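Student: I would like to go through this chain by question and answer. Can we start from the structure itself?

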Amino acid sequence: MLDLITANFDWLLTFVKSLGYIGAFLAGLLGSSSLFISIFPSFIVVPILAATSLNPIVVGILAGIGAGLGQYLHYYIGSGGRHLLSEKKKKSMDVWNKRLNKYGVLLVFLFAVTPATPDDLLWIPLGFIGYPKLKALVVAIFGKVILNVVYALIGANSIPLIFEILAEYGIVL
């Protein structure tokens with residue numbers, strides 16, 4: 001059983017490493033653009049890429065830009081839903097837009113920079129109420145870059161150590 005796990009993990013490592021910097025961007029974009037379930041999670045891919053010979057800061061920045069753009073796609077889901085509302089309902093939604101003008105930047109940043117928050121739950125309503133797109137995008141990219149640089153630095157500094165510890169127990173990846 002252990003041989004099966006290490007063989008699959010070895011394949012995954014080889015595949016992820018072959019993607020290089022483009023893989024970092026794709027990890028962010030694909031990981032964030034899928035609704036509720038990440039299909040190419042940056043919290044796994046980015047640390048592995050950063051543990052290779054790639055610059056971990058560049059890996060984190062590219063993954064963060066991809067993640068910010070991926071989240072932006074959810075905005076348009078909400079924006080499309082807004083067109084289904086009557087004018088009366090749209091006006092009632094405008095009240096929320098005015099409220100978010102005060103704390104929206106902080107809210108978008110906090111959702112972007114923390115790994116445990118489902119960003120989809122924020123971006124869809126932002127599009128629905130018509131929150132300013134560019135403001136949200138810039139703040140989201142900034143937060144996602146910070147988060148992914150942290151992932152990359154953790155990977156660059158810990159994955160080689162993990163492999164070394166596993167090798168001491170006879171598990172070679």
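The questions below concern a predicted model.

Student: Which pattern does the protein chain follow along the sequence?
Tutor: The model has 6 helices and 0 strands. Read in order, the pattern of the protein chain is therefore α-α-α-α-α-α.

Student: In which helix is confidence lowest, and in which is it highest?
Tutor: For the protein chain as a whole, the mean pLDDT is 82, with 88% of residues at 70 or more. By helix, the lowest mean, 74, belongs to helix H1 (residues 2-33). The highest, 90, belongs to helix H3 (residues 56-82).

Student: What share of the contacts between residues at least 6 apart joins residues at least 24 apart?
Tutor: A contact here requires heavy atoms within 4.5 Å. Among contacts in the protein chain between residues at least 6 apart in sequence, the share joining residues at least 24 apart is 81%.

Student: How much of the accessible surface belongs to carbon and sulfur atoms?
Tutor: Of the 173 residues in the protein chain, 39% are buried. The accessible surface comes to about 9700 Å². The part belonging to carbon and sulfur atoms is 72%.

Student: Is valine 150 buried, partly exposed or exposed?
Tutor: Valine 150 lies in helix H6 (residues 133-168). Its relative accessible area is 40%. Buried means under 20% and exposed over 50%, so valine 150 is partly exposed.

Student: Which residues form a nonpolar patch on the surface?
Tutor: The patch has about 360 Å² of accessible area together. Its members are Phe142, Ile146, Val150 and Ile154.

Notes. Residues are numbered from 1 along each chain as its sequence is written. This is a predicted model: local features need pLDDT of at least 70, side-chain atom pairs count only at pLDDT 80 or more; totals for chains, interfaces and linings use all residues. Side-chain values use heavy atoms; hydrogens and water are left out. Helices (H or I, at least four residues) and strands (E, at least two) are DSSP runs, numbered from the N terminus. Buried means under 20% relative accessible area, exposed over 50%, partly exposed in between (1.4 Å probe, protein chains only). Accessible areas come from the Shrake-Rupley method with a 1.4 Å probe; for residues, only the protein chains shown count as cover. Patches are made of residues with over 30% relative accessible area and no salt bridge: like charges are joined within 9 Å, nonpolar side chains (Val, Leu, Ile, Met, Phe, Trp, Tyr) within 5 Å. A salt bridge is a side-chain nitrogen of Lys or Arg within 4 Å of a carboxyl oxygen of Asp or Glu. pLDDT is the predictor's confidence in each residue, from 0 to 100.
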